[in-house]
Amino acid sequence: ENLLMVTRVIQPPKCLISRCFSSTGASSRAGIAFDIDGVLIRGNKVLEEGIEAIRLVREAKLPHIFVTNGGGRQEADKAAQLSRWLNCDVKPDQVILSHTPMKALVEKYGSVPVLVGGPERVLDVAKTYGYKKAIHISQVVKANPHVWPCGDHQHDDPEGDIVDLDSIRAVLYMHDDDNWGRDMQVVSDALLAGMRNRGIQTPLYFSNPDFVYAANHPLPRLAQGAFRDALGTVYKTLSGGVTMKYTSFGKPNAPTYEFAQMAIENQAGGHVDVVYGIGDNPDSDIAGANLKEGWRSVLLRTGVWDGITNPSHEPDEIKDNVLVAVEDILDGKI
């Protein structure tokens, strides 16, 4: 995923090169929250408008952050990756990943066993956040291959101690994974263990509600929200008709925007009058920005939204790409 390619860098008009904030341009008390996928990159390619848009924002010294429903890594790692992609120095405190708001749950679950879902590297993320007894789904299966009898690991020797799912006090699904069958089995076991032993479903948290996302394929691809809905169907059948309960972080949910507002204001050194939320997904980027007081939503045609059908959530502005959006913000047109 580091092998992103830029086929061409747009050369901006000379009038933009010297542009900075003025009384006729964007408010000096404004900020921008950029989505990443479908805005600055798509699949394994940097969108050619993205580098120039970020250069203009940095030249104008406009506070800006990157708010994504992606994740699965440390904020510092994502900042380093963005720095390489965008040819600039992105700081970790400018990055809000889908699971960043899960830091707030450490006070409740930091010292008890929690089950973590996503690529195996999310276990390190969870432990860095402060979840001292975090256990990854893969560890459950490696310790007892019979938990998921459909994989090649059936012929492997058990690895590690058997995980008692009755001890799990919460499930944190921190990023999309590519082993839906295994994850549905283990997470269902953990949720039902709570019902069986404590009379209540084990609390379940998702980092990302997106049903689809924009990738290299011309059509949107299934994301964590699709896994959540599939898991809910499985759980309802296994539990005899009980609806699965869960809490979701990530856009468009309020905790993500509270983190984003604090990050913008910390960078600005105080209150900002308006934050422009630029994104490609009406159901996450636009819905979330519309609900946050002091934010204006800007929908782009470069990602999930096809640019033809009426968006499911009406944005304040629609722009062809991120460079056009940034130019209009800096010119005070939106």
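Figure 1. K91 has a relative accessibility of 42% and counts as partly exposed. That class lies between buried, under 20% relative accessible area, and exposed, over 50% (1.4 Å probe, protein chains only). D89, at 41% relative accessibility, is partly exposed. The side chains of D89 and K91 form a salt bridge with an N to O distance of 2.7 Å. A salt bridge here is a side-chain nitrogen of Lys or Arg within 4 Å of a carboxyl oxygen of Asp or Glu. Side chains of opposite charge can pair when their charged atoms come close. The model is predicted, so local features need pLDDT of at least 70 and side-chain atom pairs count only at pLDDT 80 or more, while totals for chains, interfaces and linings use all residues. Residues are numbered from 1 along each chain as its sequence is written, and side-chain values use heavy atoms, with hydrogens and water left out.

**Figure 2. Close-up of D177 and R182.** A salt bridge joins the side chains of D177 and R182, with 2.8 Å from N to O. Both D177 and R182 are buried.

**Figure 3. Close-up of R301 and D320.** In this salt bridge the closest N and O atoms of R301 and D320 are 2.9 Å apart. The pair links distant parts of the chain, 19 residues apart: R301 is in the loop between β14 (295–300) and β15 (317–319), and D320 is in the loop between β15 and α11 (322–330). Helices (H or I, at least four residues) and strands (E, at least two) are DSSP runs, numbered from the N terminus. R301 is partly exposed at a relative accessible area of 39%, and D320 is partly exposed at 47%. Elsewhere, salt bridges that share partners join D35, K251 and D285 into one network.

Figure 4. C88 has a relative accessible area of 16% and is buried. C150, at 58% relative accessibility, is exposed. The protein has 0 disulfides, a disulfide being a pair of cysteine sulfur atoms within 2.5 Å.

**Figure 5. The whole protein, for context.** The protein has 11 helices and 15 strands, and its salt bridges number 14. Of its 334 residues, 54% count as buried. Among contacts (heavy atoms within 4.5 Å) with a separation of 6 or more, 67% are between residues 24 or more positions apart.
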